[in-house]
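Notebook open, model loaded. I'm jotting down what I look up as I go.

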Amino acid sequence: MTVSNLRETLAYRDLRDWIAALERAGELKRVRTEVDPILEITEITDRVSKAGRAGSPLANLPPGGPALLFENVKGHAGAQVLINQFGSERRMNIALEVESLDEVANRIHQFMDVKSPQGLLEKIKMLPMLADLGKFFPKSVASGPCKEIIKRDNFSLLDFPVLKCWPKDAGRFITLPCVITRDPKTGKRNVGMYRMQIYDERTAGMHWQRQKIGAEHYRQAMRAAASGNPGHSSAAVEVMARTSGGSMKAEGGMPAGKMEVAVAIGTDPALTFSAIVPAPPDIEEYLIAGFLRQSPVELVKCETVDLEVPANAEIVLEGYVKLDELRTEGPFGDHTGFYSLEDDYPVFHVTCITHRKNPIYATTIVGKPPMEDGWMGKAVERIFLPLMRVTIPELVDINLPVEGIFHNLMIVSIRKSYPGQARKVMNAIWSLGQAMFTKVIVVVDEDVNVQDLGEVTLKALNHIDPERDIQFTLGPVDSLDHSSRLPNFGSKMGIDATRKWPAEGFTRPWPDEILMDEKTKALVDKKWKELGIG
Ligand SMILES: Cc1cc2nc3c(=O)[nH]c(=O)nc-3n(C[C@H](O)[C@H](O)[C@H](O)COP(=O)(O)O)c2cc1C
Ligand SMILES: [Mn+2]
């Protein structure tokens with residue numbers, strides 16, 4: 001069955017429409033046996049995530065196994081938990097309604113490829129594309145399913161079947177939340193996925209790392225709050241705002257005040273996916289989701305805060321973070337395969353919860369790869385390649401192996417045309433949005449298939465003189481890096497594994513790669529059966 005056959009409407013209306021599509025595709029397993037959200041769902045899901053690998057007891061299943069819908073969750077009668085919805089290449093394709101992720105990349109490419117039309121015919125040819133553009137912008141609607149139940153009091157975060165994922169986790173964590181904030185200055189909205197540790201009925205941690213847009217909005221809110229306070233000089237306000245955010249306490253004290261935040265859990269897949277996409281800060285994720293689903297995201301106003309949320313969400317949490325309050329968050333078993341250690345983060349205070357009747361709680365687990373997030377990361381890799389080529393036109397292909405957990409290892413192939421170009425490419429990557437976190441970059445020539453780790457190992461290591469070909473640099477590193485000299489700051493390494501040129505000072509002869517000639521290959525092809533080898 002092809003992906004287009006699975007589609008009933010053009011875009012998935014909501015999580016339920018998407019679950020139905022997964023079921024039609026044979027990609028969903030309903031689990032009716034009682035399971036505990038404390039650790040047990042993780043153990044089950046972890047086994048499923050490792051399916052299809054050599055040595056896995058589920059080696060006969062396709063990689064990533066099925067999505068799981070737990071319908072009998074201990075302590076939460078009637079609740080349902082969806083997990084592993086994005087956990088395979090096929091499900092990622094179905095989520096974005098494509099046969100292959102290259103289709104999304106090609107659509108982006110088409111939009112970037114626009115040149116000024118020459119003559120009427122070319123103008124007419126552009127019309128469908130312009131009409132398409134109109135579909136991407138979010139649309140305000142008066143109400144939606146997320147308002148079926150509105151709880152202004154008498155609500156509790158503990159009502160939801162939130163997982164405790166790993167034994168040493170500090171508690172239960174909401175792991176797949178779309179966190180919505182607004183830039184106090186520009187009014188632009190952001191949707192980012194930042195995990196939330198549940199502290200009690202009405203508060204949770206807000207784990208936006210300091211380089212993320214939620215944290216930047218928080219700093220903007222501090223600027224706004226402090227600049228109205230005569231006790232703070234404008235210079236002091238700047239120091240305070242710049243040094244704070246994410247896990248970092250402001251130097252010079254934090255101003256009183258709050259910033260409104262809303263959280264949507266369980267939306268249509270394009271929207272959930274858009275929350276993890278490392279898009280430039282000025283592009284609203286609502287627009288990205290509209291582009292991906294080719295239909296506008298419908299938004300409704302919150303009840304108690306001035307923010308808009310997806311009308312189709314299963315669960316919406318409304319509330320605020322205080323500008324002068326941080327609390328210990330973590331430890332949490334993270335996608336590095338290790339626990340991320342405890343640190344201070346802002347606290348989310350819930351003011352209202354709205355949800356659908358019998359809401360389906362969507363979640364994920366992270367841990368030792370491969371996990372569900374690995375497939376989401378691979379989708380980002382494919383979709384971003386054409387965008388990376390805007391600033392790095394020589395880029396041929398890129399591979400972020402899942403065990404490299406996205407920020408540790410990036411392998412890129414380039415079409416090299418001038419001396420030192422591999423180092424130029426490394427620096428370009430280290431200055432490109434969240435790719436700044438990349439700890440190790442390996443640059444190879446275009447003849448190396450970066451998706452074949454065996455070939456990369458063979459050629460890259462043959463081609464380097466380590467002392468000559470390694471470039472070290474210092475800069476921001478991922479908050480999850482536990483080995484860097486300081487939190488968020490450390491070193492990175494680039495390996496220039498391209499063939500070295502005389503123009504780069506390499507004057508020794510470069511040997512040819514061993515390849516059999518076509519004539520002999522054809523001869524053996526013809527004889528192969530007769531040889532009786534198999
Ligand atoms: C399952 C999952 C959990 C994540 N948890 C966090 C998190 O707790 N904190 C964080 O800063 N980023 C987290 N991320 C990564 C961000 O969602 C990602 O960097 C995103 O691009 C941030 O959006 P922004 O650029 O709008 O801030 C997570 C990603 C995934 C897939
Ligand atoms: Mn963003």
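Entry 1, strands 19 and 20. I started with strand 19 (residues 395-399) and strand 20 (residues 409-414), which run antiparallel and are joined by 4 bridges. For my notes, helices (H or I, at least four residues) and strands (E, at least two) are DSSP runs numbered from the N terminus, and two strands pair if DSSP finds at least two bridges between them. I looked up the partner of Asn-399 and found Ile-411 in strand 20. Strand 19 is mostly covered, with 4 of its 5 residues buried; buried is under 20% relative accessible area, exposed over 50%, partly exposed in between (1.4 Å probe, protein chains only).

Ground rules. I'm working on a predicted model, where local features need pLDDT of at least 70, side-chain atom pairs count only at pLDDT 80 or more, and totals for chains, interfaces and linings use all residues. Residues are numbered from 1 along each chain as its sequence is written, chains are lettered from A and ligands numbered from 1 in the order in which they are written, and side-chain values use heavy atoms, leaving out hydrogens and water.

Which protein atoms hold the manganese ion (ligand 2) as donors? I find Asn-190 (OD1) and Glu-285 (OE), lying 2.1 Å from it. Asn-190 sits in strand 8 (residues 189-192) and Glu-285 in helix 10 (residues 285-293), so the pair ties together parts 95 residues apart in sequence. Donors here are N, O and S atoms within 2.8 Å of the metal (3.2 Å for Na, K and Ca), and water is not among the atoms, so the site may look incomplete. I checked burial too: Asn-190 is buried at 2% relative accessible area, and Glu-285 is also buried, at 5%.

I count 3 strands in the order 4-12-13, with mixed pairing. Strand 4 (139-140) and strand 13 (308-310) are the edges, each pairing on one side only. Strand 12 (residues 298-301) pairs with strand 13 in the antiparallel sense over 3 bridges, and I see Leu-299 opposite Pro-310.

I found Asp-46 in helix 3 (residues 40-49). Is Asp-46 buried or exposed? Buried, at 16% relative accessibility. Leaving aside neighbours within four places in sequence, I list Trp-166, Ile-365 and Met-371 as residues in contact with Asp-46, contact being heavy atoms within 4.5 Å.
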